[in-house]
Amino acid sequence: PAAERCGPAHRRRTVPSILRELAEKRQLSEEIVSLLQAQFSDLPRELDSWKQMADYSLEMRQFACLLHLYHIKAYDYLRKIVPLPHPYSLTNWLSNKEAAAGFSSDVFLRLQEKVERGDQAYSYCAVLVQDMSLQKQQEWDPQTKQLTGFVDLGAGILDADEAPLASEAIVLMAVGISSSWTAPLGYFLVNSTSGQFLAQLLRQAINKLNNIGIVVLAVTLGAFARGAETARALGIRIDPKRIQCTFQHPPGSAHSIAYFFDVCHTLLLIRNALQCFQKVEWLGTTVWWQHVVELAALQEQSALELCSAESGRAGSKGSFHLKVNFATLLFSEGVAEALEHLQKLGLASFQNCSGTVKFVRLMSSLCDVFYGRGPYGKEPLLAGNYTKISNLFDEAKSCFINLTDSVGRYIIKSKRRLGFLSLLLNAESLKWLSSNYTCPEATPSHHLHTHAFSLDPLEQFLGALQQVCGSSGSPTCAMFQAAYHKLLASCSLAPSSRHSSGNASPQDVSLSQRRALTLGSIRAQYHPAPGRTLAPEYPYSAGLLLPSCALSNALTDLSLYTQSLTCTAGWVAEQLALDLQCEACLASLFEADESRLRCRSVLYIKKLGGISLPSASMHHITNISEQVLNRYSKIEGANKNTQLWHVPLEQKVLQELLGESPLFPTLTNHLFEGELSINNHYTVLVKEITRCYLTIRTNPAQHLKLKYPCRRHKLKRQKGEHLFPSPLGSCQSS
């Protein structure tokens, strides 16, 4: 009928000619037109041939899916001429079993079963989207007898000679909002993406979740150009004067969905803005980036030099030294307190820092809300918190829209505005969710976990996937798909499950992903670490006083032995502190004077002859490790430098520690900030101390080289441990 109304000239039009017309009108890119023509050269050219088909062939399905995802307007236009299906009918064509590209039918089936059983935890969720770079490489798959490495949107590989190789994988994940379950929904192999593409992919995912009874309340993407483009494609407005934080799905319906930018990404953008502008004005106060730089660059200093003689009351037994905790996050209460403390000490570099303190403290409060910590607890969106959160967001909005650079230009209108705008959008989205989904009458849940609105769970999954791939660089398509298949086979959708054997909490993931937001990263930018030298009191440089045989036990002066063990424990603490990414755990390694300053961003640690003295718990672990080492080092025929010998030693140490008084009393509350799993911060810290100590004791010659410009001690981590920046553990359950 449509063709008849258009007359004979219109009936002679072909699908390729229509595609060329769309390209000429700039309604479809030349790249997509070329791909469509190359991949689908065998499709019927005449419009009448399409109308006479009783069923869609594989090629027609691929054509429809590709056109719809890359350009919905072109799809809608062509659908008026040829009988293409409704866009939401394409969902099934974009789905596959097992771990092939597209939506994972098995995962959706398992979610549907939970919904049908009446499990309320699966009634509502957020959808996360993140990309992973791939190495462009064409490979032959002997099992499927096909070439791989090409673009694959779930409807089949696009493997024409002119077809591009895939350069990235777009991964989608559903995350529980009132319960901490996660479900990888699928992945799509692409060569290039746009905001329009991701918007259509999101709508397809939302539609598929709605079909099985799960309501999507929010979506989250990275605070990059692609994320901003996706927001605009969905109808989101980021103008501070008229923010639109929700979009309707289906379009025109009454159901709204909130849009979030990943908080970590927004904080990085704000950090970059402060670094570029160096100084910003805020309603009569000045925020100086240099204050942060000076804090990060602060050298260890004796308390005697900083304060009065009372600070060195330890006398010959050791003196306290001020030490910056480089694991401290920039936008934290600890940094604000540290700046105030150094200002009170009278240090010239930190005078007039009240404006910087005020801004850091505001940002810290925002982080408390978005990460569910501090005064708001793990559930900041409780109905009783709405007024406090709303007032905080109003203060942040007033700050951001009034920030100016050194010549009076508004930051919110500059090229460095995206981080501030993204945080304002997130604030509006949280307020919208809080007012619509935490009232007693409404009720998906009276408590919404804000970690569901960050990319942390998905980034943890991608980190595990990268580790399974076994390469530090970008994996090929074949490697990615094999790793994804392995992870998917072992992933549980149960609440509190994580995609690593350690069941790490979202905060753990944040610690490993946010190195660029720590004081240590800022210090590294301005003061690259030179080669370190060992103090003369270090036991190895004094001739390895630690005993390694019965004779040395009998001959060594016990006072020297005790001092040697203490110094070795202090040196191990210093080595661990180089790579430790948790502020609280790092502070627990040293003997510190907490009466001077409660925050852990600046520590007053006790030193003896240039060596940092370990905490009592640190000393006890190394002492037990030494006892175990002496006991089992007499075994003949064992290669004492191999992992096969170290592992049982580590187990023996842990067995010795079982049943004793709790270690690290300062970490008691910190332990409960994350998931209660076997690989929480407490147990990881004990294992890392034991491993590092045994390593340097069984191979002293290697570590003696540290007298000269040295390399960091490389810490290996067990699966799921997130204190250290090594790759995330695998998804295998333990």
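Q: At what angle do helix H11 and helix H20 pack, and how far apart are their axes?

A: In this predicted model, helix H11 (residues 289–297) and helix H20 (residues 519–526) pack at an angle of about 95°, with their axes 8 Å apart.

Q: What makes H11 and H20 roughly perpendicular to each other?

A: Angles of 65 to 115 degrees count as roughly perpendicular. The angle here is about 95°, and H11 and H20 are therefore described as roughly perpendicular. On the H11 side, the contact is made by Trp-289, Val-292, Val-293, Leu-295, Ala-296 and Ala-297. On the H20 side, it is made by Leu-519, Ile-522, Arg-523 and Tyr-526.

Q: Why is H14 called oblique to H15?

A: Helix H14 (residues 354–371) and helix H15 (residues 386–402) pack at about 135°, with axes 11 Å apart. Roughly perpendicular covers 65 to 115 degrees and roughly antiparallel begins over 145, so an angle between those ranges is oblique. H14 is accordingly oblique to H15. Residues of H14 in this contact include Phe-359, Leu-362 and Phe-370, and those of H15 include Ile-389, Phe-393 and Phe-400. The crossing of H14 past H15 is left-handed.

Q: How do you know that strand E8 is largely enclosed by the rest of the structure?

A: A residue is buried if its relative accessible area is under 20%. Nine of the nine residues of strand E8 (residues 168–176) are buried, so the strand is largely enclosed. Both directions are represented: Glu-168, Ile-170, Leu-172, Ala-174 and Gly-176 point one way, Ala-169, Val-171, Met-173 and Val-175 point the other way, and all are buried. In a regular strand, side chains alternate between the two faces of the sheet.

Q: What makes E8 a paired strand, and which strands does E8 pair with?

A: Two strands pair if there are at least two bridges between them. Nine bridges join strand E3 (residues 124–133) to E8, and these strands run antiparallel. Between E8 and strand E9 (residues 182–190) there are eight bridges, again in the antiparallel sense. A hairpin through five residues joins E8 to E9.

Q: Why are strands E15 and E18 said to stand at the edges?

A: The sheet concerned is open and has four strands in the order E15-E16-E17-E18, with antiparallel pairing. Strand E15 (301–302) and strand E18 (611–612) each have a single partner strand, so one side of each is left without a neighbour in the sheet. Elsewhere in that order, strand E16 (residues 319–324) is joined to strand E17 (residues 602–608) by six bridges. There, Phe-320 has Lys-606 in E17 as its bridge partner.

Q: Why is His-68 called buried?

A: The relative accessible area of His-68 is 1%. Buried means under 20%, so the term applies. This residue is in helix H5 (residues 58–70). Leaving aside neighbours within four places in sequence, His-68 is in contact with Tyr-75, Pro-87, Leu-90, Gln-200 and Gln-204.

Q: What makes Gln-278 partly exposed and Leu-283 exposed?

A: Exposed means over 50% and buried means under 20%, with partly exposed in between. Gln-278, at 34%, therefore counts as partly exposed, whereas Leu-283, at 59%, counts as exposed. Gln-278 is found in the loop between helix H10 (263–277) and strand E13 (279–282), and Leu-283 in the loop between E13 and strand E14 (285–288). Neither is a glycine, yet phi is near 70° in Gln-278 and about 45° in Leu-283.

Definitions and conventions: Residues numbered from 1 in each chain as written. Predicted model: local features only at pLDDT ≥ 70, side-chain atom pairs only at ≥ 80, totals over all residues. Heavy atoms only, no water. Helix = DSSP H or I, 4+ residues; strand = E, 2+ residues; numbered from the N terminus. Axes fitted to C-alpha atoms, helices over the stretch in contact; angles between N-to-C directions. Parallel < 35°, antiparallel > 145°, perpendicular 65-115°, else oblique. Left-handed = near helix turned anticlockwise from the far one by under 90°. Contact = heavy atoms within 4.5 Å. Buried < 20%, exposed > 50% of the residue type's maximum accessible area, 1.4 Å probe, protein only.
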